[in-house]
Amino acid sequence: MDKIVIEGGVPLEGEVAISGAKNAALPIMAATLLAPGVHYLHNMPRLADIRTFKRVLGLMGVQFEEGGGHGGPPHQHQELPHRPGGPPDPEEDVLVVDASRLTGWMAPYEVVKTMRAAVLVLGPLVARARQASVSLPGGCAIGARPIDQHLKGLEAMGVKITLNQGYVEAKAKRLEGAEIILDIPTVTGTENLMMAATLAEGTTVIHNAAQEPEVADLARFLVAMGARIEGIGTERLTIHGVNALTPTSYRVMSDRIEAGTYLAAAAITRGRVSITNAPVGEMSAVLEKFQEAGVRFTIENSSILVEPSGSLTGVDVKTLPYPGFPTDMQAQFMALMTLAKGASIITETIFENRFMHVPELNRMGADIAVSGNHAVVRGRRHLLGAPVMATDLRASASLVIAGLAAKNTTEIHRVYHLDRGYARLAEKLAALGARLKRMPA
Ligand code: EPZ
């Protein structure tokens, strides 16, 4: 296991390009199961979760080839047909996915327990293979993470679900369109049901659908494959089932959470950073809160140009489903608030246990008190470096942000959490002048 060692206090300077969005890339990879043939996915982020998901899909017979240094050997079996117009550009992050032949429909516990997003194979598998055996994800650090809404929706579409030794066993004839009202606007639940509905007989309407931009990105990919979907980006999705989908090329949207993370890092170090390829149009709630806190930045097309700010002001934040403030930015914003003037009340409404970064930030001299799903942050003049432990993906990012501003040295352990959602974070921060290095713990 590696650790990251940071000498804090250096204002970040320079330009950082945002990568493809993990939470769009994963459902889009799952959706390739719906259409036999070769898909070309562009702007894919180089992340541990992507590599994990490739293993899951590989178990089902999906084959891969990649350009752009994803790491790992190119696909070993017969040469994949290259997309029209010649081989993939070796520099671009393109993932070639051949889902022609499915030889399995199981997502085993060993994988699902490390990456719950693997449940995203459920909808596509029951639609294409009429069966699936997917391990229940089990809880994770931030919460119980049930999938009852996924299963309720699939049953409404005629899928027979049984739970057997921790696995969801799903069997179906051809799925039938259904009217589904979600109790919660679940992101992957909406994605699973939308994917399943694309090949169902008749029309499916999903009410209270998640409106996260990554759900819309998946919907656009499905439409590019020939799916018929109305209401993309709204809380009501109408999917008219078709008989078959065809493989396609698609460019994954960029990562609004990665962009927000670098914005927090630039702001807390009083740096001057240009964040390029940012999905600015999908970041309004985040940008508004940074502005309210006194962070100085301007927007130019898809770049966020951050200027050194004066002192920051504590502002209250409540995480909400999109278009509200995203829960995936809560920990990073909290790190920024530890050095803001006054108090900030941060309310987490999505997950029941997403304050694990608090004790670690307090070890660095922050003053944060948690009561239920509220955290009261009282700004301090500075933080002090300390050895701290990452517990989940976004909590790890908040410790890096705090370490960049803290006096002296911060050592962050268990940084494998970071690798799941941030492509080359240490490299990108070092390129911005941060004094940090990654080394074996
Ligand atoms: C997605 O998780 C994201 N992951 C999460 O990002 C993100 O935090 C979350 O949406 C909320 O925005 C991916 O897209 C791969 P939910 P998901 O289903 O779909 C409850 C990251 O850091 N719920 O919208 O699992 C659930 O317990 C990750 O990149 C049910 O009760 O989240 C939670 O409290 C972390 N029953 C709330 O809803 C269900 O059937 C929202 O969960 C489904 C969910």
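This is a predicted model: local features need pLDDT of at least 70, side-chain atom pairs count only at pLDDT 80 or more; totals for chains, interfaces and linings use all residues.
**The ligand site**

Let's start with where the ligand sits. Domain 1 (2–19 + 254–440) and domain 2 (22–251) both hand residues to the shell around the ligand, so it lies between them. That shell counts 21 residues, and the ones that come nearest are Gln-149, Thr-186, Thr-188, Asp-328 and Ile-350. Sorted by class, the shell holds eight nonpolar, six polar and seven charged residues.

H5 gives the most, with three residues.

| Residue | Atom on the protein side | Distance to a ligand oxygen |
|---|---|---|
| Asn-23 | polar side-chain atom | 3.0 Å |
| Val-187 | polar backbone atom | 2.9 Å |
| Ile-350 | polar backbone atom | 2.6 Å |

How much of the ligand does the protein bury? Taken alone, the ligand exposes 820 Å², and the protein buries 89% of that. Note that Val-187 and Ile-350 make their pairings through backbone atoms, while Asn-23 uses a side-chain atom.

**A four-stranded sheet**

Moving on to the strands, there's an open sheet of four with mixed pairing, in the order S22-S23-S1-S24. Strand S22 (387–389) and strand S24 (435–440) stand at the edges with a single partner strand each, so one side of each has no neighbour in the sheet. From one strand to the next, the twist averages 20°.

Inside that order, strand S1 (residues 2–7) and strand S23 (residues 409–413) run antiparallel and are joined by five bridges. If you want a spot to look at on this pair, Ile-4 stands opposite Ile-412 in S23.

Some background first: most residues other than glycine have a negative phi, and most peptide bonds are trans. Which form does the peptide bond from Tyr-322 to Pro-323 take, cis or trans? This bond is cis, with omega near 15°. Pro-323 itself is found in the loop between strand S18 (317–318) and helix H10 (330–337).

Asn-301 lies in the loop that links strand S16 (296–300) and strand S17 (303–307).

Notes. Residues are numbered from 1 along each chain as its sequence is written. Side-chain values use heavy atoms; hydrogens and water are left out. A residue is near a molecule or strand if one of its heavy atoms lies within 4 Å of it. A polar contact is a pair of N or O atoms within 3.5 Å; within protein, one must be able to donate a hydrogen and the other to accept it, and residues adjacent in sequence count only if both atoms are side-chain atoms. Accessible areas come from the Shrake-Rupley method with a 1.4 Å probe; for residues, only the protein chains shown count as cover. Helices (H or I, at least four residues) and strands (E, at least two) are DSSP runs, numbered from the N terminus. Ala, Val, Leu, Ile, Met, Phe, Trp, Tyr, Cys and Pro count as nonpolar, Asp, Glu, Lys and Arg as charged, and the others, Gly among them, as polar. Domain bounds come from an automatic or database domain assignment. Two strands pair if DSSP finds at least two bridges between them. Axes are lines fitted to C-alpha atoms, for helices over the stretch in contact, and angles run from 0 to 180 degrees between N-to-C directions.
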